[in-house]
Amino acid sequence: MECRDFALQLDDWLDRRLDSVRQKSVQEHLERCPSCRRQHEHAVAVQRAVRELSPPAAHPGFVDQALLRATRPAAGSAHPARRAVLGAALAATLVLGVGLGVFLAMQPAPVQAVALTLERPETVRLMFNSAKPLKGATLSLALPANVELVGYGDQRELSWQTDLREGANLLELPLIARGATKGELVAHLSHGGSGKTFRLKIEIDNAGRSDM
Amino acid sequence: MPPVSPYRRTRPAASNFEDLLRPQVEYLYRLAWRFTGSVADAEDLVQDVLLKLYPRTQELLEIERLRPWLTRVLYRQFVDSVRKQARSPIVALVTGAEGEDNPLDALPAMKDGPEEHAERSGWRRLILAALEQLNSEQRAVVTMHDVEGYSLEELETILETPLGTLKSRLHRARQRLRVLLPMEPFSAGERVKG
């Protein structure tokens, strides 16, 4: 057996899926080839490391709460208790966010306007800092005239359901300006009856246009 | 079909559901955590599955091997949630408060020093970071085969995926992990001194 053949059969060897003839052949190769032996040891060690990775404990009381939520007659909507908590967290964050700047930060901060070049795709990044995980938040975008989100044609209003993780969440918007505009991009984030609107001024840099 | 206790049938659905599912919830959570890499996401995934299953309690009572069946339901729910996320433009940069959920933490972990516990913690983060690099299908097959011990033939049924596809997914996932996880220290335990 060549080293190349061994590499091809390594997974089957690990899974004991080789017939006795091929098994013997692999065994013999391993005995005489230090390089493949190291490869095999590494593969076994990686497999063991993944297997031994123990999950952190769920939150205390999770099993009881999860079963209770599932069997409650009013449990038609997902995660009623958690949603209520998160909704409250968002509302509180929104209030604090205005004063302390913990909810939304632009990147690079604190710029509130962005310049696009005509007909040149550019990615605008918005950073959302969320104090708590927010599951099932709704993000809506309204684009100014002559600005498109790449891949969405001339759709001016778009909406997504998304989960925000605790900490920083990056919204990447590949935008392209098709003509002159003085408008604003409006992003609205809502969750559990609370919401916040963010506005970003879009300026068009004509440098890329030879006839202007 | 297994015998079904008439006693169970006459009990309230919530009691039957709890009797059936309580012994499985921790298993589902463990699996969900390995799929998602996050405590919060794993809990949400399990909750979603339980909410879906409760109206099907009667059907659950008649399932002979509940665990593989639940594994399939959890996997489908996971794939659905990944697809929903993929349609969103939001990209998570930093995950939950527990550092081990964050693959970016792998780098600082390298400075942990020689203490054994610190090394273990650093390796753990490296492994988590490597698993994070797998796509959801690769991660699921590694979890179910290499960790939970389902054979590929069992997974063929559970995941309703052809054997060849599963083998190739597993092969690519393992290759990726071997590339991402360096020879040291992952092979050290296998060495013979001298």
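Figure 1. Helices (H or I, at least four residues) and strands (E, at least two) are DSSP runs, numbered from the N terminus. Helix 8 of chain B has 12 residues and spans 15 Å between its first and last C-alpha, close to the 16 Å expected at 1.5 Å a residue; that expected span is 1.5 Å times one less than the number of residues. Of the 12 residues in helix 8 of chain B, 9 are buried, so the helix is largely enclosed by the rest of the structure. A residue is buried if 20 or more other C-beta atoms, placed from the backbone, lie within 10 Å of its own, exposed if 12 or fewer, and partly exposed in between. Among the buried residues of this helix are B:Gln138, B:Arg139, B:Ala140 and B:Met144.

A note on reading these views: residues are numbered from 1 along each chain as its sequence is written, while chains are lettered from A and ligands numbered from 1 in the order in which they are written. Because the model is predicted, local features need pLDDT of at least 70 and side-chain atom pairs count only at pLDDT 80 or more, whereas totals for chains, interfaces and linings use all residues.

**Figure 2. Helix 3 of chain A meets helix 8 of chain B.** Two packed helices are described by the angle between their axes and the distance between the axes. The axes of helix 3 (residues 34-51) of chain A and helix 8 (residues 136-147) of chain B come within 10 Å and cross at roughly 95 degrees. Axes are lines fitted to C-alpha atoms, for helices over the stretch in contact, and angles run from 0 to 180 degrees between N-to-C directions. Helix 3 of chain A and helix 8 of chain B are therefore roughly perpendicular to each other; angles under 35 degrees count as roughly parallel, over 145 as roughly antiparallel, 65 to 115 as roughly perpendicular and the rest as oblique. From helix 3 of chain A come A:Gln47, A:Val50 and A:Arg51, and from helix 8 of chain B come B:Val142, B:Asp146 and B:Val147. Contact here is a pair of C-beta atoms, placed from the backbone, within 7 Å. These contact residues divide into 3 nonpolar, 1 polar and 2 charged, where Ala, Val, Leu, Ile, Met, Phe, Trp, Tyr, Cys and Pro count as nonpolar, Asp, Glu, Lys and Arg as charged, and the others, Gly among them, as polar.

**Figure 3. Helix 8 of chain B against helix 10 of chain B.** Helix 8 and helix 10 (residues 163-180) of chain B pack at an angle of about 95 degrees, with their axes 9 Å apart. The two helices of chain B are therefore roughly perpendicular to each other. On the helix 8 side, B:Glu137, B:Gln138, B:Val141, B:Val142 and B:His145 take part, meeting B:Leu166, B:Arg169, B:Leu170, B:Arg172 and B:Ala173 of helix 10. Sorted by kind, the residues of this contact are 5 nonpolar, 2 polar and 3 charged.

**Figure 4. The largest nonpolar core, and another apart from it.** A nonpolar core is a set of buried Ala, Val, Leu, Ile, Met, Phe, Trp, Tyr and Cys residues joined through C-beta atoms within 7 Å. In the largest, of 53 residues, those touching the most other members are B:Leu28, B:Tyr29, B:Ala32, B:Val46, B:Leu50, B:Leu74 and B:Ile127. Helix 2 (residues 13-36) of chain B gives the most to this core, with 9 residues. Not counting residues up to four places away in sequence, B:Ala32 touches B:Ala42, B:Leu45, B:Val46 and B:Leu74. Apart from this core lies another, of 18 residues, including A:Ala137, A:Leu139, A:Leu173 and A:Ile202.

Figure 5. Most residues other than glycine have a negative phi. A:Asn146 has a positive phi near 70 degrees and sits in the loop between strand 4 and strand 5 (147-149) of chain A. With 18 other C-beta atoms within 10 Å, A:Asn146 is partly exposed. For B:Glu160, phi is positive too, near 50 degrees, in the loop between helix 9 (152-158) and helix 10 of chain B. B:Glu160 is exposed, with 10 other C-beta atoms within 10 Å.

Notes: Contact = placed C-beta atoms within 7 Å.
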